Amino acid sequence: TMKKIDVYMPAKENECLLFQNNSNYLEIVENLKSNNICEISFRLIENNKEVLTKLYNSILAKYRSNEYSADYVIFMHSDVNFNIENFVKHLLSLEDKYDIIGLAGSKKLNLKATPLSWFTASNDRSDERYGYIVSKFNGMDIPSFFNENHPNVSDTETASVDGLCMILSKKIIDSDIKFDEQFENDFYDLDFCLQSMLNY
């Protein structure tokens, strides 16, 4: 059966880098479906005022009550961009290999780091960071190439992934893991990954 992927992108206003850089995204979505590759939907949450952790938990609750259904739920910042077809094909090729998938993260973490995030916790282990992302800063594209020591690695297990893009598998969607709402817009990604690691 064809996999279903739901992507949620909270935005402070209504800007979305993925839509800007893939103006034909609706055509891509339709092609993926008509070629029986997957059914993917992108939901831009415009003018979001909700704390990310509360928003994500409310969305997950709809899947856990069977109001919604998907094989993957993706929570992604609105300033993230990628090639949709390549992204989907790579994700589907992984099948059930990982519970949580991201675009950047670290294999090893020092949990005594302050403030604690996946990035600060890997400061003394930068060679254990993986991923490649491009961020917009002052109108410029700034590449962050985390796996410069392993440039050809596009698939590896990590202890935590960056919240800029968190892909939750069916196993996590159907679990009872929640985002800790004491964390509003930071640290939630590391906490969620650690909960997954400890419980599943």
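**Exercise 1. Locate Asn-66 and decide whether it is buried or exposed.**

Solution. 
- Start with the place: Asn-66 sits in the loop between helix H3 (52-64) and E3.
- The model is predicted.
- Next, the backbone: phi of Asn-66 is near 65 degrees, a positive value in a residue other than glycine.
- Now the surface: Asn-66 has 66% relative accessibility. Exposed means over 50%. Asn-66 therefore counts as exposed.

**Exercise 2. Carry out the steps of Exercise 1 for Asn-36.**

Solution. 
- Asn-36 is in the loop between H2 and strand E2 (38-45).
- Phi of Asn-36 is near 60 degrees, and this positive value again belongs to a residue other than glycine.
- The relative accessible area of Asn-36 is 60%, so this residue is exposed.

**Exercise 3. Find the surroundings of Tyr-72.**

Solution. 
- Tyr-72 belongs to strand E3 (residues 72-76).
- Its relative accessibility is 4%. Buried means under 20%. Tyr-72 therefore counts as buried.
- Set aside the neighbours within four places in sequence. The contacts of Tyr-72 then include Lys-4, Ile-5 and Asp-6. Leu-91, Leu-92 and Glu-95 are also among them.

**Exercise 4. Describe how H2 and H4 cross.**

Solution. 
- Pick out the helices: H2 covers residues 25-34, and H4 covers residues 84-94.
- Their axes come within 10 Å and cross at roughly 35 degrees.
- The crossing is right-handed.
- H2 contributes Tyr-25, Ile-28 and Leu-32 to the contact, while H4 contributes Ile-84, Glu-85 and Val-88.
- Sort these residues by type: five are nonpolar, none is polar and one is charged.

**Exercise 5. Find the cis peptide bond at Pro-115.**

Solution. 
- Go to the loop between strand E5 (104-106) and strand E6 (129-137), where Pro-115 lies.
- The cis bond joins Thr-114 and Pro-115, with omega about -10 degrees.

**Exercise 6. Compare the radius of gyration of the protein with that of a compact globule.**

Solution. 
- Count the elements: the protein has six helices and nine strands.
- A compact globule of 200 residues would have a radius of gyration near 16 Å. The protein has 16 Å, which agrees.
- Along the principal axes, the C-alpha atoms fill a box of roughly 45 × 40 × 35 Å.
- Of the 200 residues, 43% are buried.
- Take the contacts with a separation of 6 or more: 72% join residues 24 or more positions apart.
- Finish with the accessible surface, about 11100 Å², of which carbon and sulfur atoms hold 46%.

Note on methods:
Residues numbered from 1 in each chain as written. Predicted model: local features only at pLDDT ≥ 70, side-chain atom pairs only at ≥ 80, totals over all residues. Heavy atoms only, no water. Axes fitted to C-alpha atoms, helices over the stretch in contact; angles between N-to-C directions. Helix = DSSP H or I, 4+ residues; strand = E, 2+ residues; numbered from the N terminus. Left-handed = near helix turned anticlockwise from the far one by under 90°. Contact = heavy atoms within 4.5 Å. Nonpolar A, V, L, I, M, F, W, Y, C, P; charged D, E, K, R; others polar. Rg over C-alpha atoms; globule rule 2.2 N^0.38 Å. Buried < 20%, exposed > 50% of the residue type's maximum accessible area, 1.4 Å probe, protein only. Areas by Shrake-Rupley, 256 points an atom, 1.4 Å probe, with all protein chains shown as cover.
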